[in-house]
Amino acid sequence: WDLSYPVLAAMPQSIDGDAWKPPQIGSTFVVASLAFVFFASCCYQRCIRYFGIVRFWVLNWIPTVLMLATFPRVLEALRREGWEAESWPVLAANYGAQLSFCVMQGAGFVTAQLVLFDFVTTQPGSDQLMATANGYYVIVQNVANGLAPLISGALCTIGAALEPQYAPIATRALPFDVMACVGVVLCLLPLWVLGPGKVPDLRSARALLQLEQQ
């Protein structure tokens, strides 16, 4: 998202893009980051206690997948209807999508760490395992961050190149469609296959205590 969204927002107006400049794109990240800080500080703990970790994870991903699948198409449709790049519908679409993704997936990263902590603390020798688990978590994050520019750049290039001939199958929305599919397959589908009765709620006292300390 952090790579694909700026490319989408900067597309020229000649192909129904916003042609936004870096300060305009950066302002959406700033506003969304502030919103996430507020959510994490004031709302996250209450949401975890009310929904439980697994339910909260699912509730994070469902609107994210829907937003990824619709946002680039809505943005393109607005521009084709004649709305200017600085008009309120275009601004609302950009800031709304950025707020949705940053808050939901920012909370998702915190939730993933909480699930990891909850699992490790139930294992024998959890004190030693915690350092190893955190190390692997950081490694996976760094590998994903390293591959993201290559994959996102390739998808943006392929989508833009194929759009004139193969729309609506292959369009500028291709990177967002891939992200939505990955979210469904890796983050939602496993829980649906297991069923709610087979997925632990993970409301451990240790995990919530750690959350309060953070």
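Predicted model: local features only at pLDDT ≥ 70, side-chain atom pairs only at ≥ 80, totals over all residues.

Visitor: What makes up the fold, helices or strands?

Guide: The protein has 8 helices and 0 strands, and from the N terminus on the elements run α-α-α-α-α-α-α-α. Both kinds of element are DSSP runs numbered from the N terminus: helices are H or I with at least four residues, strands E with at least two.

Visitor: Why is E76 called buried, and why is R80 called exposed?

Guide: Buried means under 20% relative accessible area, exposed over 50%, and partly exposed in between (1.4 Å probe, protein chains only). E76 has 11% relative accessibility, so E76 counts as buried. R80 has 57%, so R80 is exposed. Of the 214 residues of the protein, 37% count as buried.

Visitor: What makes R80 and E76 a salt bridge?

Guide: The rule asks for a side-chain nitrogen of Lys or Arg within 4 Å of a carboxyl oxygen of Asp or Glu. The closest N and O atoms of R80 and E76 are 2.6 Å apart, so the pair passes. Both residues lie in helix α4, 4 residues apart, about one turn of the helix.

Visitor: How many salt bridges does that rule give?

Guide: The count comes to 2. R73 and D177 also meet in a salt bridge, at 2.8 Å from N to O. R73 lies in helix α4 and D177 in helix α7, so this pair ties together parts that are 104 residues apart in sequence. R73 is partly exposed, because its relative accessible area is 35%.

Visitor: How do you know that the buried residues of α3 share a side?

Guide: In α3, residues 44–51, the buried ones are Y44, C47 and I48. They cover an arc of only 100 degrees around the axis, which puts them on the same side of α3. That arc is taken from the directions from the helix axis to the C-beta atoms. An α-helix has 3.6 residues a turn, so residues three or four places apart point the same way. The face turned away from the buried side carries the exposed residues R46 and Y50. After α3 comes G52, whose phi is positive, near 85 degrees.

Visitor: What makes a nonpolar patch of Y136, I139, V143, L147, L150 and I151?

Guide: Patch members need over 30% relative accessible area and no salt bridge; nonpolar side chains (Val, Leu, Ile, Met, Phe, Trp, Tyr) are joined within 5 Å, like charges within 9 Å. Take I151, in helix α6 (residues 126–166): I151 counts as partly exposed because its relative accessibility is 47%, a value over the 30% that a patch asks for. The patch comes to about 620 Å², with areas from the Shrake-Rupley method and a 1.4 Å probe, where only the protein chains shown count as cover for residues.

Visitor: What counts as its lining?

Guide: Lining residues have an atom within 4 Å of a point. The largest pocket has 46 of them, and the closest to its centre are W61, F101, Q105, F109 and A144. The largest share, 12 residues, comes from α5.

Key
Residues numbered from 1 in each chain as written. Heavy atoms only, no water. 1 Å grid on protein atoms, 1.4 Å probe; cavity = no way out; pocket = protein on both sides within 12 Å on 5 of 7 lines; lining within 4 Å.
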